[in-house]
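Subject: Structure for you to look through

Hello,

Here is the structure I said I would pass on.

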Amino acid sequence: MDFAAVLGRWFLGALFVYMGLSKAMEPVEFLKLVREYQLVQHPLLLNSLAATLPWFEVFCGLLLILGVAVRGSAVMLLLMLIPFTLVVLQRALAMQAELSIPFCAVKFDCGCGAGEVLICRKLVENGALILLSLWLLTGLGRRWSARYSLLQAE
Amino acid sequence: MKSPDAGHSDLADACSPPRPSAARNARLKVVGWECLIVAVLGIVLALAANGISPRGLRLTTDYFPRSIQNAAPAIAGATQSPVADATAVALTPAEEVLAARLQAKGLRLVTSDQALQLFRDPRREQELIVFIDARNDWNYQQGHIPGALQFDHYRAADYLAAVLPLCQTADLIVVYCTGGDCEDSEFAAIFLNQAGVPAEKLLVYAGGMAEWTTRGLPVEIGARHSGNVPPDHP
């Protein structure tokens, strides 16, 4: 079980490093996508969000791969994944109402780093990532960790 | 940073094992502190990475300016502008909506026919009419309106030195981007105005490259004045 959790930790970490880098390499495109969500209006807040989020994802991904502060990193992923999934859902519902198409036919670039995606697929993927992050919170995946917990020698 | 449990000795732990709820609380506390450390360190490193990256964003720049400042004179003068006299055309209902939206920003719309007329105007050869491509470098290199200058306003500092002198001496400046939902031509026009280009010179070709290429109009590939205009374009 622990070995499976280690694989899950590596997978989650690698995915966040990849997704984060793909956004960090095209920050302007990511900035435009973040703006479309209308989460913040002030330029400083909008730019800060678009500038830091991709690198923050890379950072958390690297921590997971190396096995450093695993539970803290998993919580951070949850704090990114859950609100993000909700705003993606909200936007998809708005697009569905506007275009009068089936929900699962809604397709757009959600700013996830993978280009245009079908919304149902994206929600399933995010759900799986949320479950994986929660699983890591249970304390599994300690093997091959550089420092599983920052504050306790384990 | 010390763990909240750092004061516990192994002996004490062995003699009086913590109650399950106390152990859970201690674990939650540790995870909470860990979250805080990861969050603070992550944000600091992310800001540093953005600052170091050549593609990083400037945090204080408003990349999406709403309108030209003091727009009223530019709008009032629009009907007397050279383009209005030379290329006046009836607008479709969709174009009228677009023109009104641009006018609210202090900008003026040119339609596809007007843009083509300006492109064929002899003043373009004298650089009195200038086309500005507001897309990124990759898109510009793939193909732009022949002779158009590139001005990617997200990297304004890289382009202003080349673009501003021409804009200052030109009579009319036609700014375009991809077309469709693309708003970068509007933002770029407002950026140019903020850099000192008079608003009455600025025109937005909202149809952009999408409309231009759909009509089979000439496209220049690579650098400005590269002369690489594929023969399948007239």
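Predicted model: local features only at pLDDT ≥ 70, side-chain atom pairs only at ≥ 80, totals over all residues.

Strand E2 (residues 129-133) of chain B is mostly covered, with 5 of its 5 residues buried. A strand here is a DSSP run of E of at least two residues, a helix is a run of H or I of at least four, and both are numbered from the N terminus. Buried means that 20 or more other C-beta atoms lie within 10 Å of the residue's own, exposed means 12 or fewer, and partly exposed is in between, with C-beta atoms placed from the backbone.

Residues are numbered from 1 along each chain as its sequence is written, and chains are lettered from A and ligands numbered from 1 in the order in which they are written.

The sheet in chain B

Which strands pair with E2(B)? E2(B) pairs in the parallel sense with strand E4 (residues 172-176) over 5 bridges, and also in the parallel sense with strand E3 (residues 149-150) over 2 bridges. Two strands count as paired if DSSP finds at least two bridges between them. Ile132(B) can be followed to both sides: Val175(B) is its bridge partner in E4(B), and Leu149(B) stands opposite Ile132(B) in E3(B). From E4(B), 4 bridges lead on to strand E5 (residues 202-205), again running parallel. There Val175(B) stands opposite Val204(B).

Put together, 5 strands of chain B form an open sheet with parallel pairing, in the order E1-E5-E4-E2-E3. Strand E1 (108-110) and E3 of chain B are at the edges with a single partner strand each, so one side of each has no neighbour in the sheet. As background, strands of a sheet pair through backbone hydrogen bonds, either parallel or antiparallel.

Chain B as a whole has 11 helices and 5 strands. Of its 234 residues, 31% count as buried. Among contacts in chain B with a separation of 6 or more, 65% are between residues 24 or more positions apart. A contact means that the C-beta atoms of two residues, placed from the backbone, lie within 7 Å.

A buried glutamate

Glu186(B) is in helix H10 (residues 184-194) of chain B. Is Glu186(B) buried or exposed? Glu186(B) counts as buried because it has 26 C-beta neighbours inside 10 Å. Leaving aside neighbours within four places in sequence, Glu186(B) is in contact with Leu102(B), Lys105(B), Leu107(B) and Val204(B). The C-alpha atoms of Glu186(B) and Phe64(B) are separated by 8.9 Å, and these two residues are 122 residues apart along the chain.

Where the chains meet

The contact between the chains takes 27 residues from chain A and 28 residues from chain B. On the side of chain B that touches chain A, the residues divide into 18 nonpolar, 6 polar and 4 charged. Nonpolar covers Ala, Val, Leu, Ile, Met, Phe, Trp, Tyr, Cys and Pro; charged covers Asp, Glu, Lys and Arg; the others, Gly among them, are polar.

Helix H3 (43-66) of chain A and helix H2 (residues 20-52) of chain B have axes that come within 8 Å and cross at roughly 125°. The axes are lines fitted to C-alpha atoms, for helices over the stretch in contact, and angles run from 0 to 180 degrees between N-to-C directions. That angle makes H3(A) oblique to H2(B); under 35 degrees counts as roughly parallel, over 145 as roughly antiparallel, 65 to 115 as roughly perpendicular, and the rest as oblique. Residues of H3(A) in this contact include Trp55(A), Phe56(A) and Phe59(A), and those of H2(B) include Ile43(B), Leu45(B) and Leu47(B). The residues of this contact divide into 12 nonpolar, 3 polar and no charged.

Two backbone angles in chain A

Most residues other than glycine have a negative phi. Gln38(A) has a positive phi of about 55° although it is not a glycine, and Ala69(A), also not a glycine, has a positive phi near 50°. Gln38(A) is exposed, with 10 C-beta neighbours inside 10 Å, whereas Ala69(A) is buried, with 27 other C-beta atoms within 10 Å.

Regards
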